[in-house]
Amino acid sequence: MSWLKVLFPLTALALLSTLFLLSRVIDPGEAIPFAEKEIQERLRDQQITAPFFTGSTAQGDELTFYADVLTTPEGKIGANKAENIRVTIKTAQGATYRLQSGEAEIDLTSNSAQLTNDVVIMTSNGYRLTSDFMTSGLSSLDIESPGRVYGTAPEGTLEAGSMTLSQTENGGATQLFFTNRVKLIYKPKPLIE
């Protein structure tokens, strides 16, 4: 049994020495997994990876923001660009809205964000709508799609030329308003026997 006290440390020492004796030299230029263009962009722009923000509006709505990357292009103060964003808004009245977008340009001076690249909005009352472009307020629930929106509604499928989601001025319930050639294909729910 006492010979194990000598054998185990010697075996560990032999294994550890093979890491150094048999290792190969790695060229630092080959080890970095970034292209030269990516390195230059990271050096030029300020960047935050996986930013997370949570807060509330003056009306008491809770806001949660996630993104894969947040950059300040060319050092512009008050302007940010985000990739793959996910936003959750829980209103004081109990409704929930989820937004996701491939890209967003956030302008703090105008208190707004422009969402592009497969923008999707989902509501707790059963709407799931897609648009190419939406704008959103940063400090209030004010979302607008000036162009076409399409998707599913509790009653069936829906398509419209534009959409607005806003809260009444007194902080009451939110309103989802569709305009410009609204088309709803009604799909009745099956009757339960």
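Of the 193 residues in the chain, 31% are buried (under 20% relative accessible area, with exposed meaning over 50% and partly exposed in between, for a 1.4 Å probe and protein chains only). The model is predicted, and local features therefore require a pLDDT of at least 70, side-chain atom pairs are counted only at pLDDT 80 or more, and totals for chains, interfaces and linings use all residues. Residues are numbered from 1 along each chain as its sequence is written, and side-chain values use heavy atoms, with hydrogens and water left out.

The chain contains three helices and 14 strands (DSSP runs numbered from the N terminus, with helices being H or I of at least four residues and strands E of at least two). Among contacts (heavy atoms within 4.5 Å) with a separation of 6 or more, 34% are between residues 24 or more positions apart. The accessible surface of the chain (Shrake-Rupley method, 1.4 Å probe) amounts to about 13,400 Å², and carbon and sulfur atoms contribute 57% of this area.

Asn 80 is located in strand 5, which spans residues 79–90. This residue counts as buried because its relative accessibility is 17%. The side chain of Asn 80 forms a polar contact with that of Thr 72 at 3.0 Å (a pair of N or O atoms within 3.5 Å; within protein, one must be able to donate a hydrogen and the other to accept it, and residues adjacent in sequence count only if both atoms are side-chain atoms). When residues up to four places away in sequence are not counted, Asn 80 touches Leu 70, Thr 71, Thr 72 and Pro 73, as well as Ala 104, Glu 105, Ile 106 and Leu 108.

Two aromatic pairs are present in the structure (rings of Phe, Tyr and Trp, the last by its six-membered ring, with centres within 6.5 Å; planes under 30 degrees apart are stacked, over 60 edge-to-face and the rest tilted). The pair of Phe 52 and Tyr 66 is tilted, because the ring planes lie at 45°, with the centres 4.9 Å apart. This pair links distant parts of the chain, with Phe 52 in strand 2 (residues 52–56) and Tyr 66 in strand 3 (residues 62–66), 14 residues apart. Tyr 66 is partly exposed, at 37% relative accessibility.

The rings of Tyr 127 and Phe 178 are also tilted, with planes at 35° and centres 6.2 Å apart. Here, 51 residues separate Tyr 127, in the loop between strand 7 (112–123) and strand 8 (128–137), from Phe 178 in strand 13 (residues 174–179). Tyr 127 is buried, with a relative accessible area of 17%, and Phe 178 is likewise buried at 17%.
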